[in-house]
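I wanted a quick tour of this model before doing anything else with it. These are my notes, in the order I looked things up.

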Amino acid sequence: MMLRLLALGLLAFGYVNTLACTIFLVARNGQVLMGANEDMSNEVPYDKHWVRFQPKNEKVKYGFVTFGYNSFPLTAQAGMNEAGIFYDYNALPQKDEGPAGKTKAGIGLAEQFIGSCATVAEVISMIQLYDWVGLSAGQMVIGDATGASAIVERNAITYRGTADFQVGTNFRTSETPKDKISCWRYNKCQSVLGLQSSVTTDSVRSLLEDTMPFNSTKGKSISWYSQVCDLKAKKMLLFRKGDFSKVVILDIPKETAKEARRIDMDELMARQGVVYKP
């Protein structure tokens with residue numbers, strides 16, 4: 001996540017209290033789609049969220065939309081821009097080692113790349129100039145409209161490779177052998193995406209529903225919001241609190257052509273939410 005200080009690392013990623021987050025990209029049959037569940041402790045500090053709309057200007061090349069917790073008003077958890085870049089984070093256990101000799105990155109890095117980059121390659125070129133301290137407690141999953149994707153850690157980058165999909169959950173991708181991966185959400189995504197011959201926004205939505213935390217309404221964790229992103233069409237479907245019967249459809253270029261604004265996510269759902277129809 002974007003960070004102010006190293007001390008915000010665990011807080012920003014919410015690792016101690018979170019159960020899980022699931023993020024994946026699939027590029028298949030001309031479609032480039034990403035799905036993400038934002039899972040966090042079902043407690044009052046985490047139950048309110050904001051959506052920020054930033055149009056392009058003399059300092060922002062590409063307008064963008066970002067999402068965050070009211071508890072962290074300056075820390076975006078995820079974002080998408082009008083060029084088709086989407087990013088989100090998986091929380092990880094703390095690991096403090098960073099690359100030597102690089103300037104430590106602060107709160108502005110994520111906003112810098114989401115406002116100025118159109119491809120994964122451009123984002124990585126920017127990130128590699130810095131030691132992004134906050135990634136000591138997480139990894140960033142990023143994709144673009146060409147279908148490129150990567151998982152970025154503080155000390156490593158894992159590109160998608162030969163498969164046409166990539167999945168990130170809550171283990172260090174660069175350090176975990178495939179035969180040691182025990183995360184059921186990761187394995188579910190790998191199985192489903194590996195068997196599907198085609199992909200649609202509804203198949204992505206369905207996979208997000210299937211990988212929400214168990215007992216989300218009564219347990220200690222919940223998918224506060226879920227996103228289905230069509231990176232080529234530059235559109236996003238936003239669902240709230242595990243309810244996939246109602247959706248806000250965001251056309252990113254159209255939304256960012258309007259004035260800059262920040263709105264409560266529940267208010268956005270009340271204003272623009274419609275019945276979801278596959």
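**Ground rules**

I am working on a predicted model, where local features need pLDDT of at least 70, side-chain atom pairs count only at pLDDT 80 or more, and totals for chains, interfaces and linings use all residues. Numbering starts from 1 along each chain as its sequence is written, and side-chain values use heavy atoms, with hydrogens and water left out.

**Overall**

I looked up the secondary structure and got 7 helices and 17 strands. Both are DSSP runs numbered from the N terminus: helices are H or I with at least four residues, strands are E with at least two.

Next came burial, where buried means under 20% relative accessible area, exposed means over 50% and partly exposed is in between (1.4 Å probe, protein chains only). Of the 278 residues, 55% are buried. The protein exposes about 11800 Å², and carbon and sulfur atoms supply 53% of that area. The areas come from the Shrake-Rupley method with a 1.4 Å probe; for residues, only the protein chains shown count as cover.

I also checked contacts, meaning heavy atoms within 4.5 Å. Among contacts with a separation of 6 or more, 65% are between residues 24 or more positions apart.

How many residues of β5 are buried? For this strand, residues 76–81, I get 6 of 6.

I then went through its pairing, which requires DSSP to find at least two bridges between two strands. On one side, β4 (residues 64–69) pairs with β5 in the antiparallel sense over 5 bridges. Phe67 has Ala78 of β5 as its bridge partner, and the hairpin from β4 to β5 goes through 6 residues.

The pairing of β5 with β6 (residues 86–91) is also antiparallel, with 3 bridges. Here Met80 is bridged to Phe86 in β6. The hairpin formed by β5 and β6 has 4 residues between the strands, and Gly84 in its turn has a positive phi of about 105°.

**Salt bridges**

I found 12 salt bridges in the structure, using a side-chain nitrogen of Lys or Arg within 4 Å of a carboxyl oxygen of Asp or Glu as the criterion.

I opened Glu111 with Arg52, whose closest N and O atoms are 3.0 Å apart. Glu111 is in helix α2 (residues 108–116) and Arg52 in strand β3 (residues 49–54), so this pair ties together parts 59 residues apart in sequence. Glu111 counts as partly exposed because its relative accessibility is 32%, while Arg52 is at 18% and so counts as buried.

The next one was Glu175 with Lys95, at 2.4 Å from N to O. This pair links distant parts of the chain, 80 residues apart: Glu175 is in the loop between β12 (165–168) and α4 (184–195), and Lys95 is in the loop between β6 and β7 (103–105). Glu175 is partly exposed at 45%, and Lys95 is partly exposed at 30%.

Arg205 and Glu209 gave me a pair with closest N and O atoms 2.6 Å apart. They sit 4 residues apart in helix α5 (residues 201–210), so about one helical turn separates them. Arg205 counts as buried at 11% relative accessibility, whereas Glu209 counts as partly exposed at 35%. I also noted a network in which salt bridges with shared partners join Lys104, Asp131 and Arg154.

**Cores**

For a nonpolar core I used buried Ala, Val, Leu, Ile, Met, Phe, Trp, Tyr and Cys residues joined through side-chain atoms within 4.5 Å. The largest has 34 residues, and Met34, Val51, Phe67, Phe86 and Leu231 have the most contacts inside it. Apart from it lies another core of 24 residues, including Tyr89, Val123, Met140 and Val152.

I listed the contacts of Met34 beyond four places in sequence; among them are Ile23, Phe86, Val141, Val204 and Leu231.

**Thr256**

Last stop was Thr256, in helix α6 (residues 252–256). Is Thr256 buried or exposed? At 4% relative accessibility, Thr256 counts as buried.

I looked at its polar contacts, which are N or O pairs within 3.5 Å; within protein, one atom must be able to donate a hydrogen and the other to accept it, and residues adjacent in sequence count only if both atoms are side-chain atoms. The Thr256 side chain reaches the backbone oxygen of Ile252 at 2.8 Å and that of Pro253 at 3.4 Å. Setting aside neighbours within four places in sequence, Thr256 is in contact with Gln54, Pro55, Lys56, Gly63, Phe64, Val65 and Glu82.
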